[in-house]
Amino acid sequence: MTSSLRPIRIRLLDPTRIAELLAYLRERGCIAEQVDQVAVDVWPAPLLHERAGDGLCAACGEDVEEALRRLGSPRCHDCRIEAPTAVGAAVNGDARARCRRALAELQDHLRAWRLADGAAVAVLDD
């Protein structure tokens, strides 16, 4: 479908629903940006550790910078520099499995939003 480094493009048939969709996805830990009048790019919430999607560093508990969250980093910039291997494979796990789980979760969010609000969307892989 896609990799965790690339967004999923979602197009709405009703452009008046863009703000609702952005808010809905962001509340669920996704990174979502409006691309044009009817399209949103979404990066699924990273399922990296127990606090997946909360944006906090697995090592120190501080905020992880948005660019690093998009790349799926469980650690903030400072912790990556100071102790690059401090958080090992137990936290990171299998990257492909995490990506599949994150995409499945995003699809579940979209399905729930469509069912609750009756909005028509087309998911594209740009």
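**Stop 1**

Select D41: it is buried, with a relative accessible area of 11%. The cut-off for buried is under 20%. Keep in mind that this is a predicted model. D41 sits in strand 3. Now show side chains. Those of D41 and R9 are joined by a polar contact of 2.6 Å.

Next, pick I10. This residue belongs to strand 1, residues 8-12. Buried or exposed? I10 is buried, at a relative accessible area of 0%.

**Stop 2: salt bridges**

How many salt bridges does a search of the whole structure find? The search finds five. Three of them follow.

Select D36 and R11. Their side chains form a salt bridge, at 3.4 Å from N to O. This pair connects distant parts of the chain, 25 residues apart. D36 lies in the loop between strand 2 (31-34) and strand 3, while R11 is in strand 1. Colour by accessibility here. D36 is partly exposed at 32% relative accessibility. R11 is partly exposed too, at 28%.

Move to E20 and R17. Their salt bridge has its closest N and O atoms 3.1 Å apart. The two partners fall into separate classes: E20 is partly exposed at 37% relative accessibility, whereas R17 is buried at 14%.

Then take R28 and E27. A salt bridge joins them, with 3.2 Å between the closest N and O atoms. R28 is partly exposed, with a relative accessible area of 31%. E27 counts as exposed because its relative accessibility is 62%, and the cut-off for exposed is over 50%.

**Stop 3: a charged patch**

Switch to a surface view. Which residues form a negative surface patch? Select E62, D63, E65 and D78 to see it.

Finish on one of these, E65. Its place is in the loop between strand 3 (39-43) and helix 2 (66-70). E65 is partly exposed, with a relative accessible area of 37%.

Definitions and conventions:
Residues are numbered from 1 along each chain as its sequence is written. This is a predicted model: local features need pLDDT of at least 70, side-chain atom pairs count only at pLDDT 80 or more; totals for chains, interfaces and linings use all residues. Side-chain values use heavy atoms; hydrogens and water are left out. Patches are made of residues with over 30% relative accessible area and no salt bridge: like charges are joined within 9 Å, nonpolar side chains (Val, Leu, Ile, Met, Phe, Trp, Tyr) within 5 Å. Accessible areas come from the Shrake-Rupley method with a 1.4 Å probe; for residues, only the protein chains shown count as cover. A salt bridge is a side-chain nitrogen of Lys or Arg within 4 Å of a carboxyl oxygen of Asp or Glu. Lys and Arg count as positive and Asp and Glu as negative; His and the chain ends are not counted. The place of a charge is taken as NZ of Lys, CZ of Arg, CG of Asp or CD of Glu. Helices (H or I, at least four residues) and strands (E, at least two) are DSSP runs, numbered from the N terminus. Buried means under 20% relative accessible area, exposed over 50%, partly exposed in between (1.4 Å probe, protein chains only). A polar contact is a pair of N or O atoms within 3.5 Å; within protein, one must be able to donate a hydrogen and the other to accept it, and residues adjacent in sequence count only if both atoms are side-chain atoms.
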